[in-house]
Amino acid sequence: MNYKNFPMVPRIIFGRGSFNQLGDILAPKRLSINAPFIYLVDDVFKSNAFITSRIALSYDDKIIYVSSEEEPKTSQVDNLVEEIILMTKERPSGIIGIGGGTMLDLAKAVAIMLTNEGEAKDYQGWDLVKNPAIYHVGIPTISGTGAEVSRTTVLTGPDKKLGINSDYTPFDQVVLDPELTKNVPKDQWFYTGMDCYIHCIESLNGTYLNAFSQSYGEMALELCKEVFLGEKLSIKESQDKLMMASWHGGMSIVYSQVGVAHAMSYGLSYLLGTKHGIGNCIVFDHLEEFYPEGVALFKAMKEKHDIQLPKGICANLSDQELDVMISISLSLEPLWENALGKNWKKVMTPKKLKELYKKM
């Protein structure tokens with residue numbers, strides 16, 4: 001048996017206010033005065049001094065504000081890479097992503113594409129990246145996606161939604177500052193937190209499960225229960241714990257895989273542009289057959305926080321559109337195998353998948 005030798009994030013700083021140390025962390029990594037640091041920042045922070053005033057720019061450093069309204073696309077990565085090449089004298093010293101999963105995934109993808117030829121879509125898949133990425137740093141401002149720790153950057157390409165999964169994808173440095181998550185809107189907080197919860201349920205109920213994934217998954221699951229069903233947590237404790245749940249939830253996937261909800265939400269995202277967190281929630285709400293306990297607990301969390309999920313998003317789709325979602329979803333074979341075992345194709349037929357989508 002050949003075991004996979006996975007990379008980890010080599011450096012991580014955790015603590016309230018640790019974002020203030022960013023300048024000190026980056027200084028030794030500067031390659032020259034002509035090699036800037038490029039910050040990819042979610043444009044919701046454009047007028048938010050709490051974050052922007054603390055980014056210390058020197059020499060030719062630049063902030064590029066990026067909208068996270070849509071899921072990240074391969075074309076968007078190519079455009080950012082071109083923009084960066086045109087505005088810098090030398091290859092940048094590093095890329096720093098500040099925001100949610102979208103910004104973190106874009107930062108990882110841009111760092112890879114600055115050292116690899118061609119277009120981002122050429123690298124969607126497993127272990128296709130040839131050259132190490134440039135130095136890249138992830139700073140999450142919302143908790144749940146696990147993007148800060150994962151070895152993938154999930155992108156919607158011209159014909160599929162699939163990550164650039166490689167040993168060069170993980171960040172070189174992550175800054176976990178729970179204070180940065182303080183102004184997240186409640187719905188967003190819930191959907192993104194549920195991304196972590198669903199990671200755990202899919203990982204812990206999967207056929208790929210092993211002690212490595214299980215230990216991280218169980219820890220993340222307990223933290224999610226404390227945050228979303230507990231009574232006694234202060235806001236600070238809740239922020240701290242959810243940030244750690246996201247980390248552990250991301251780690252639990254390193255040696256396993258996600259399952260039915262993720263496979264189906266990729267289809268929604270590709271066709272309808274549904275964002276990842278809410279897409280997972282819409283799908284997971286209908287998956288009692290596969291995750292009975294997990295879904296029951298999810299419904300309890302939804303009720304406790306008074307969350308109303310959109311209904312009927314697939315109601316008016318044509319057969320052709322449903323078929324597009326089905327083929328995108330069924331192409332994610334490792335996810336289905338993890339969820340349903342080696343003979344998953346007998347369980348999850350296109351017809352069955354269509355019935356499930358039609359419920360949403």
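Student: Which hand is the crossing of α5 past α9, left-handed or right-handed?
Tutor: Glad you asked; this is a predicted model, where local features need pLDDT of at least 70 and side-chain atom pairs count only at pLDDT 80 or more, while totals for chains, interfaces and linings use all residues. Residues are numbered from 1 along each chain as its sequence is written, and side-chain values use heavy atoms, without hydrogens and water. A crossing is left-handed if the near helix is turned anticlockwise from the far one by less than a right angle, and right-handed if clockwise. Where α5 passes α9, the crossing is left-handed.

Student: What term describes how α5 and α9 are oriented to each other?
Tutor: Their axes (lines fitted to C-alpha atoms over the stretch in contact, with angles from 0 to 180 degrees between N-to-C directions) come within 8 Å and cross at roughly 55 degrees. Angles under 35 degrees count as roughly parallel, over 145 as roughly antiparallel, 65 to 115 as roughly perpendicular and the rest as oblique. The two helices are therefore oblique.

Student: Which residues of α9 meet α5?
Tutor: Contact here means heavy atoms within 4.5 Å. On the α5 side, the partners are Y191, M194, D195, Y197, I198 and I201. In α9 they meet H276, G277, I278, N280, C281 and F284.

Student: What is the orientation of α11 relative to α14?
Tutor: The axes of α11 (residues 319-330) and α14 (residues 350-358) come within 10 Å and cross at roughly 115 degrees. That makes α11, relative to α14, roughly perpendicular.

Student: How many residues in that contact are charged?
Tutor: α11 brings residues including D319, D323 and M325, and α14 brings residues including P350, K354 and K358. Ala, Val, Leu, Ile, Met, Phe, Trp, Tyr, Cys and Pro count as nonpolar, Asp, Glu, Lys and Arg as charged, and the others, Gly among them, as polar. The contact has seven nonpolar residues and one polar, and its charged residues number four.

Student: How far apart are the end C-alpha atoms of α6?
Tutor: The expected span of a helix is 1.5 Å times one less than its number of residues. For the 19 residues of α6 (residues 211-229) that should be 27 Å, and this agrees with the model, where the ends are apart by 26 Å.

Student: Which helices are among those covering the buried residues of α6?
Tutor: Buried means under 20% relative accessible area, exposed over 50%, and partly exposed in between (1.4 Å probe, protein chains only). In α6 the buried residues are S213, G217, A220, L221, L223, C224, V227 and F228. What covers them includes α5, α7 and α10.

Key: Helices (H or I, at least four residues) and strands (E, at least two) are DSSP runs, numbered from the N terminus.
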